[in-house]
Amino acid sequence: MSIALLIEQLLNGLQLGVMLFLMAAGLTLIFGVMGLINLAHGSLYMVGAFACAAVAAATGSFWIGLVASLIASAAAGAITEIVVIRRLYDRDHLDQVLATFALILMFSEGMRWLFGSFPLYLDIPPLLQGAVPLPGVGQYQLYRLAIIGVGIVVAIGLYFLIARTRLGMRIRAGESDREMIGALGVDIRTLYTVVFALGAALAGLAGAMVGALQSVQVGMGEPVLILAFVVIVIGGIGSIKGALFGAILVGVVDTMGRFLLPKIFALVLPAAQAGLIGAALASMLIYIVMAFILAFRPSGLFAAQS
Amino acid sequence: MPPKPRLSRETVVNILLALMLLAFPLGASAMGETFYITLATRIVVLALAAVGLNIALGLGGLVSFGHAAFFGLGGYVAGILSTHAFNAEPLLFGIEGTTSMPVIWLVAVMICGIIALPIGAISLRTTGVYFIMITLAFAQMIYFFAVSWPAYGGEDGLSIYVRNEFPGVNTAQPLSFFLICYVLLMLALGLFWLLRGARFGAALEAGRQNATRLAAVGIAPFNIRLVAFVVSAMMTGIAGALFADLNKFVSPSMLSWHMSGELIVLIILGGKARLFGPVAGAMLYVLIEYALGGITEHWQFFLGLILLCVVLFARGGLLGLLAGKARHG
Amino acid sequence: MAEPVLEIRELRKNFGALAATDGVSLDLRPGEIHALIGPNGAGKSTLIHQISGSIRSDSGTIRFLGQDMAGLDMAARARLGLGRSFQISSLAPEFSSLRNVMLAVQAKQGSSLRFFRPVMGDRSLTDPAMAMLERVGLAERAHLPAAELSHGERRQLEIAIALALGSKAFLFDEPMAGMGPEGSKSLTTFLDGLRHEAPILLVEHDMDAVFALADRISVLVYGRVIATGTVDEIRNDPEVRRAYLGETA
């Protein structure tokens, strides 16, 4: 095992982490501001991927597709918020889970209705094809580096949005005191729709970018959704900083676990068995990590409120 | 004395539901329609799983989003034990497999209990959304293990070639198997009723309504909830073993989070924390699934729509409509 | 002088930079009603939470019947005999009044891990519970869900629960709040008799009730006890008058 391979896997883990951050940031923002647990967030990721793939196929341009994915997922998010989600803010978590579970069924089947059961494919745009030399690694896929870059830009952008802008101020106020912000004359309903659409757009962006790495198909959002939940639970629900930390932790631990565990077991076991046990354990690893963290810190590493 | 009519409206509805559920496959059997017997068995088994979950979710207010773990574990116990018996290969340490249903159920109950204990002990340290998420995560852990462990079929699942046996009953016959499941469901409902009425149920329900109140009288909510979680998992595990025998097949999909969601849906469709809620819910769910499936291949879309409407507008579920608001003595 | 039932020494709790309780010491002696008064935000409720175990103290000790309560949670303290009522009523809202009290009777009798015998026919639960409801004057409301009781009735129910626990000391957090003059008067009479069963630490804003009932009064201001004494001593304490009544000396 060379150091180069190890660094390459680390970068892959980072790329997964960045993608999870885009999902988790929206989820945690929506929970922090509106107190809503949204299972349908993975559907918005799927909507983004489909929109990008379909528009890119029609226009021949990935970039137009990317813009379309942002618009489509933000619009789908806003409409869903207005029609369904805003009725759920005062409900308990059980109702929220069920209603958004129902939304998943509708989104998934709706996509199958529109696009059929066959997966769509999305090519990496020419500008980002190929590999770049990295010191110590050799060649690394440019597109994956670009995803990491986008994640960093979004993280910084979110930080400025929340810390420095009027919208961010209202979001922070909404987190701490809903009635107060209403009393101050801020239109809370519009604020909630905007926050939800923002979260949806981030999920759609993640879906569109990942769509070029794997096939675009119904149900693609669900594994990512569950990983994103693990992320925000580890990070502390409602905390963007926790989401960033948790996403990178989960991305790196998952990727490195799959890479390293079989090799570690191979030191003591025959190769076939080591591969088996290593792979099985690796697939459970992040959940084990999460259970450990919650056993000691039941509200995550960066719990937002006391 | 409390006003106590001899038969409340809910009791009447419950008896009718129980009779309908029994009459349907008997009629189908008389007409030789085995498909409908299988459909009724599916209702009964899903209802049994949901009665199990209802102990935690309905009585205790513990929204476990991971009960598919126990459903699937029960299924795998049935699959693995019967495969070993079928191939005449001993399990670990020379223990033989078995095709006897009662033994399988017992093992399923024990395995589910043993696994639910640590899962519950860790999960119950958290509340609210964290509890929902951590139970989901534990179930995913078991799901991914089943997918990636090839010994028992991995992702492809495991077939049960001949349905397991019950002493004195020909289980290969659909109606006989239905009756076994039906009796177990009635026993489970009886147990649920007893638990709810006893001291344990009083403490569990009080904890759902107001955990601080429970602690202030000196009863630690954690212990009560942990017992409820484990009992709940055990019951769902038996249902899983029956489900595997019904389909003669077990696969990771029984462990999936969709399954966990479906179990919650059954309870809510029927009416939360009500004795026959899971039964009414399972009847409605399977019938919707069947009826819509006959009309459109996109039935899941409409299932979602119906479910959404129930959550938004009909919060008491089917029993809420039929029997009015739930009452406590 | 008899050993105090409840002995609080140097209890402290900070919320961020704010010291909610700042070294509080006080005793509750057998047979007394010890009233705790002070302006809003003085830390009275925090203190009750610390004593009952729903808030963890930063430092200080609480001894109850001679036992150090450090490390015991709310349920464990309740089992030792510390009964409390809540400032904002805390009941099982779907349960009837009777079942709310039965829960306390069941807790007192021991394990709740009994799975089969129905509680509703169990006279070892219903009879004592009904007796407690009668004592607080709620017998007629026994089968009404707690959620449907009036504000004052919920207070009475909380007291019935504390009674049913057979508590060896009571912590009552504003039991008079939300009661009409009639209710306050009858509750005052009731508490007056109760002190002989177990001493009461009473947080109350209704000064008529406090002056009528209290054997001793402690005045809490900004998390500190500025004076403890009999009613007359407190009435005439210049520091209390200055701090609490806002008089300038």
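I began with the largest nonpolar core, which has 302 residues, and found that A:V230 and B:L48 touch the most other members. Such a core is a set of buried Ala, Val, Leu, Ile, Met, Phe, Trp, Tyr and Cys residues joined through C-beta atoms within 7 Å, where buried stands for 20 or more other C-beta atoms within 10 Å of a residue's own, with C-beta atoms placed from the backbone. Domain 1 (1–81 + 167–249) and domain 2 (92–165) of chain C both give residues to this core, so it lies between them; the domain bounds come from an automatic or database domain assignment.

I noted that this is a predicted model, in which local features need pLDDT of at least 70 and side-chain atom pairs count only at pLDDT 80 or more, while totals for chains, interfaces and linings use all residues. Residues are numbered from 1 along each chain as its sequence is written, and chains are lettered from A in the order in which they are written.

Next I looked up A:V230, which, leaving aside its neighbours within four places in sequence, is in contact with A:V250, A:I286, A:Y287, A:M290 and B:A137; contact requires C-beta atoms, placed from the backbone, within 7 Å.

I then turned to where chain A meets chain B, a contact that takes 36 residues from each of the two chains. On the side of chain A, the elements giving two or more residues are α4 (93–115), α9 (221–235) and α11 (271–296), and the largest share, 14 residues, comes from α4(A).

Last, I counted eleven helices and two strands in chain A, these being DSSP runs (helices H or I, at least four residues; strands E, at least two) numbered from the N terminus.

How values were computed
Buried ≥ 20, exposed ≤ 12 C-beta atoms within 10 Å, placed from the backbone.
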